[in-house]
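Me: I am new to reading protein structures. Could we go through this one in short questions and answers?

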Amino acid sequence: MSTLPPCPKCQSTYTYQDGAMLVCPECAHEWSPDSVEAAEVARVWKDAHGNVLQDGDSVTLVKDLKVKGSSTVIKVGTKVKNIRLIEGDHDIDCKIDGFGPMQLKSEFIKKA
Ligand SMILES: [Zn+2]
């Protein structure tokens with residue numbers, strides 16, 4: 001048996017399943033477990049310190065980064081303006097002054 005999630009309205013843990021719905025006996029709230037799950041898997045981008053990132057944020061690098069296919073290194077502390085969040089291994093799309101378009105990993109940046 002899997003544990004049912006607490007009631008999203010009153011946090012009661014006495015929820016039970018009724019067909020496809022979950023029901024809270026304390027406040028009579030009914031909800032679909034599918035919608036709760038969908039909300040939980042929504043992708044959130046976080047920087048090296050766990051701050052949530054958004055499109056258009058300005059960030060700085062927390063680590064020297066080698067540019068793929070060259071000997072150029074973008075130094076720690078470099079400011080990056082107007083980032084765009086994308087799906088993938090490198091999850092930040094941006095343009096760095098003097099370097100051009102670049103894709104970064106969110107774990108190597110922090111919100112400015
Ligand atoms: Zn409830």
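**A walk through the predicted model**

Me: This is a predicted model. Where does Asp-97 lie?
Reply: Look at the strands β9 and β10. Asp-97 is found in the loop between β9 and β10.

Me: Is Asp-97 buried or exposed?
Reply: The cut-off for exposed is over 50% relative accessible area. Asp-97 has 67% relative accessibility, so Asp-97 counts as exposed.

Me: How many Å apart are Asp-97 and Lys-79 in space, C-alpha to C-alpha?
Reply: In sequence, Asp-97 and Lys-79 are 18 residues apart. In space, the distance from C-alpha to C-alpha is 8.5 Å.

Me: Which residue in the turn between β9 and β10 has a positive phi?
Reply: β9 covers residues 92-96 and β10 covers residues 100-104. The two form a hairpin, with three residues between them. The residue in the turn with a positive phi, about 85°, is Gly-98.

Me: How many bridges join β9 and β10?
Reply: The two strands pair in the antiparallel sense. Ile-92 stands opposite Leu-104. Asp-93 has Gln-103 as its bridge partner. The number of bridges between β9 and β10 is five.

Me: Which residue of β9 is the bridge partner of Arg-84?
Reply: β8 and β9 pair in the antiparallel sense over two bridges. They form a hairpin with six residues between the strands, where Gly-88 takes a positive phi near 135°. The bridge partner of Arg-84 in β9 is Asp-93.

Me: How many of the five residues of β9 are buried?
Reply: Buried means under 20% relative accessible area. Cys-94 has 7%, so Cys-94 is buried. β9 is largely enclosed by the rest of the structure, because the number of its five residues that are buried is four.

Me: Is Cys-24 buried or exposed?
Reply: Cys-27 has 35% relative accessibility, so Cys-27 counts as partly exposed. Cys-24 has 1%, so Cys-24 counts as buried.

Me: How many disulfides does a search of the whole structure find?
Reply: A disulfide is a covalent bond between the sulfur atoms of two cysteines. The number found in the whole structure is zero.

Me: Which residue of β2 is the bridge partner of Gln-17?
Reply: β2 covers residues 21-23. β1 and β2 pair in the antiparallel sense over three bridges. In β2, the partner of Gln-17 is Leu-22.

Me: Which residue in β7 stands opposite Val-59?
Reply: Three strands form an open antiparallel sheet in the order β7-β4-β11. The edge strands are β7 (79-80) and β11 (109-111). Two bridges join β4 (residues 59-61) to β7. Opposite Val-59 stands Val-80.

Me: What is the phi of Asn-82?
Reply: Most residues other than glycine have a negative phi. Asn-82 is not a glycine, yet has a positive phi. Asn-82 lies in the loop between β7 and β8. Its phi is about 55°.

Me: What is the phi of Gln-11?
Reply: Gln-11 is in the segment before β1. Gln-11 has a relative accessible area of 52%, so Gln-11 is exposed. Gln-11 is not a glycine, but its phi is positive, at about 65°.

Me: Which residue lies over the face of Trp-45?
Reply: Lys-63 lies over the face of Phe-108, at 5.0 Å from the ring centre. Over Trp-45, at 4.4 Å from the ring centre, lies Arg-43.

Conventions. Residues numbered from 1 in each chain as written. Predicted model: local features only at pLDDT ≥ 70, side-chain atom pairs only at ≥ 80, totals over all residues. Heavy atoms only, no water. Pairing = 2+ DSSP bridges. Buried < 20%, exposed > 50% of the residue type's maximum accessible area, 1.4 Å probe, protein only. Lys NZ or Arg CZ within 6 Å of the ring centre and 35° of its normal. Disulfide = S-S within 2.5 Å.
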